[in-house]
Amino acid sequence: MAKLPGLGPRSARRAVLHLIRKRALLLTPLSDLMQTVAATARECLNCGNVGTADVCDICTSEKRANGELCVVEDVADLWAMERSGVFKGRYHVLGGTLSALDGVTPEDLRIPGLCSRIQAGGVKEVILATNATVDGQTTAHYIADRVAGLGKDVVVSGLAHGVPVGGELDYLDDGTLTAAMKARRPL
Ligand SMILES: [Zn+2]
């Protein structure tokens, strides 16, 4: 348990003790579910999402075939986007970001797979929703270049950066405020 992300040894001990005390209510159902997940969970061969089939529900849903492809770093980002309900297209999960320091190359990510999907046709817009970090933005620029090089009629866009909903200017860091000022729009 202590090896799980976000759990240190102390939190892990507390969680384990809690599970043992709630054996019937928590531990047994959880262990059954874990076995099911271990046996059935797999990555979608098309987009990298996690599901129980070779190709996930989002990739096979005809309702989502609107030509929009949202590129995210991680499955957790895909789930965040799905929770918001704002996006009705399909996804492509990179599985990380490019990093010269850590030796992560385009071939280590699902970038060749992304190019193949665009080459196959039907994609009208690629939305680069990588994180607003240096690596995330470097990766987005690299992908934008690669997509332009494919010679397909595809619009490449990125998420806006700036003031969060409900945010107060006084609390923003300089980088966010600068990004918001640069991305200002007519009202
Ligand atoms: Zn999929």
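Donors are N, O and S atoms within 2.8 Å of the metal (3.2 Å for Na, K and Ca), and sites may look incomplete because water is not among the atoms. With that in hand, welcome to the close-up views. This is a predicted model, in which local features need pLDDT of at least 70 and side-chain atom pairs count only at pLDDT 80 or more, while totals for chains, interfaces and linings use all residues. Residues are numbered from 1 along each chain as its sequence is written, and side-chain values use heavy atoms, with hydrogens and water left out.

**View 1**
Along the chain, the donors of the zinc ion follow the spacing C-x2-C-x8-C-x2-C. C44 sits in the loop between β1 (42–43) and β2 (50–51) while C59 belongs to helix α3 (residues 57–60), so this pair ties together parts that are 15 residues apart in sequence. Helices (H or I, at least four residues) and strands (E, at least two) are DSSP runs, numbered from the N terminus. The SG atoms of C44, C47, C56 and C59 coordinate the ion at 2.3 Å.

**View 1. How covered are the cysteines?**
Buried means under 20% relative accessible area, exposed over 50%, and partly exposed in between (1.4 Å probe, protein chains only). C44 and C59 are both buried. For C44 the relative accessible area is 3%, and C56 counts as buried because its relative accessibility is 4%.

N49 lies in the loop between β1 and β2. With a relative accessibility of 6%, N49 counts as buried. Setting aside residues up to four places away in sequence, N49 touches R42, E43, C44, C56, I58, V75, L78, W79 and V93. Contact here means heavy atoms within 4.5 Å.

**View 2. Helices α5 and α6 crossing.**
Helix α5 (residues 111–119) and helix α6 (residues 134–149) have axes that come within 11 Å and cross at roughly 35°. Axes are lines fitted to C-alpha atoms, for helices over the stretch in contact, and angles run from 0 to 180 degrees between N-to-C directions. On the α5 side, I111, P112, L114, C115 and I118 meet Y142, I143, R146 and V147 of α6.

**View 3. A80 in helix α4.**
Look for A80 in helix α4 (residues 75–84). A80 is partly exposed, with a relative accessible area of 33%. From A80 to T60, 20 residues away along the chain, the C-alpha atoms are separated by 20 Å.

The loop between β6 (155–158) and α7 (174–182) holds L172. Its relative accessible area is 17%, so L172 is buried. Apart from neighbours within four places in sequence, L172 is in contact with V163, P164 and L177. The C-alpha atoms of L172 and R10, 162 residues apart along the chain, are separated by 33 Å.

**View 4. Stepping back to the chain.**
The chain has seven helices and six strands. Of its 187 residues, 27% count as buried.
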